[in-house]
Amino acid sequence: MPRKKEASFEENLAELEQIVDKLESGEASLKDVINNYTLGMELSRKCLAELKSVEDKMNVILSEEDGKVVEMPLELEGGQ
């Protein structure tokens, strides 16, 4: 049986935005609200994990005056 393709960050984020719109509309049944909330939390977890992974890999590439290229870890405000 073929494996299901893993959704991209952009696909997960788009689905999460649709869920938020549904929840904000106030027109869903309680059961749908609970199911959508649960799925939304899972999508949120996946998106945050991917963002953290990318953040950990990001580097700043600087060019010094003598023409050398220097790669340094990216330090974000509020980061750990």
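Is Glu42 buried, exposed or partly exposed? At 32% relative accessibility, Glu42 is partly exposed. Here buried means under 20% relative accessible area, exposed means over 50%, and partly exposed lies in between (1.4 Å probe, protein chains only).

## About the model

This is a predicted model: local features need pLDDT of at least 70, side-chain atom pairs count only at pLDDT 80 or more, and totals for chains, interfaces and linings use all residues. Residues are numbered from 1 along each chain as its sequence is written, and side-chain values use heavy atoms, with hydrogens and water left out.

## Overall layout

The protein has 2 helices and 2 strands. Along the sequence they follow the pattern α-α-β-β. Helices (H or I, at least four residues) and strands (E, at least two) are DSSP runs, numbered from the N terminus.

The protein has 80 residues, and 10% of them are buried. It exposes about 7,300 Å². Carbon and sulfur atoms supply 55% of that area. Accessible areas come from the Shrake-Rupley method with a 1.4 Å probe; for residues, only the protein chains shown count as cover.

Contact means heavy atoms within 4.5 Å. Take the contacts with a separation of 6 or more: residues 24 or more positions apart account for 34% of them.

## Helix H1

Helix H1 covers residues 9-25, which is 17 residues. From its first C-alpha to its last, H1 reaches 24 Å. That is close to the 24 Å expected at 1.5 Å a residue. The expected span is 1.5 Å times one less than the number of residues. After H1 comes Gly26, whose phi is positive, near 75 degrees.

Which residues of H1 are buried? They are Phe9, Asn12, Leu16 and Ile19. Seen down the axis of H1, these buried residues fall within an arc of 90 degrees, so they line one face of the helix. The arc is that of the directions from the helix axis to the C-beta atoms. The buried residues of H1 pack against H2. The face turned away from the buried side carries the exposed residues Glu10, Gln18 and Asp21.

## Asn36 in helix H2

Asn36 sits in helix H2. Asn36 is buried, at a relative accessible area of 15%. What does Asn36 contact, leaving aside its neighbours within four places in sequence? Its contacts are Ile19, Lys22 and Leu23. Ile19 is also one of the buried residues of H1.

## Salt bridges

How many salt bridges are there? The count comes to 2. A salt bridge is a side-chain nitrogen of Lys or Arg within 4 Å of a carboxyl oxygen of Asp or Glu.

One joins Glu42 and Arg45, with the closest N and O atoms 2.5 Å apart. Both residues lie in helix H2 (residues 30-57). They are 3 residues apart, about one turn of the helix. Arg45 is partly exposed, at 46% relative accessible area. Another joins the side chains of Glu11 and Lys5, at 3.4 Å from N to O. Glu11 is partly exposed, with a relative accessible area of 39%. Lys5 is exposed, at 63%.

## Strand S2

Val70 belongs to strand S2 (residues 69-73). At 23% relative accessibility, Val70 counts as partly exposed. Val70 and Val60 are 10 residues apart along the chain. Their C-alpha atoms are separated by 8.3 Å.
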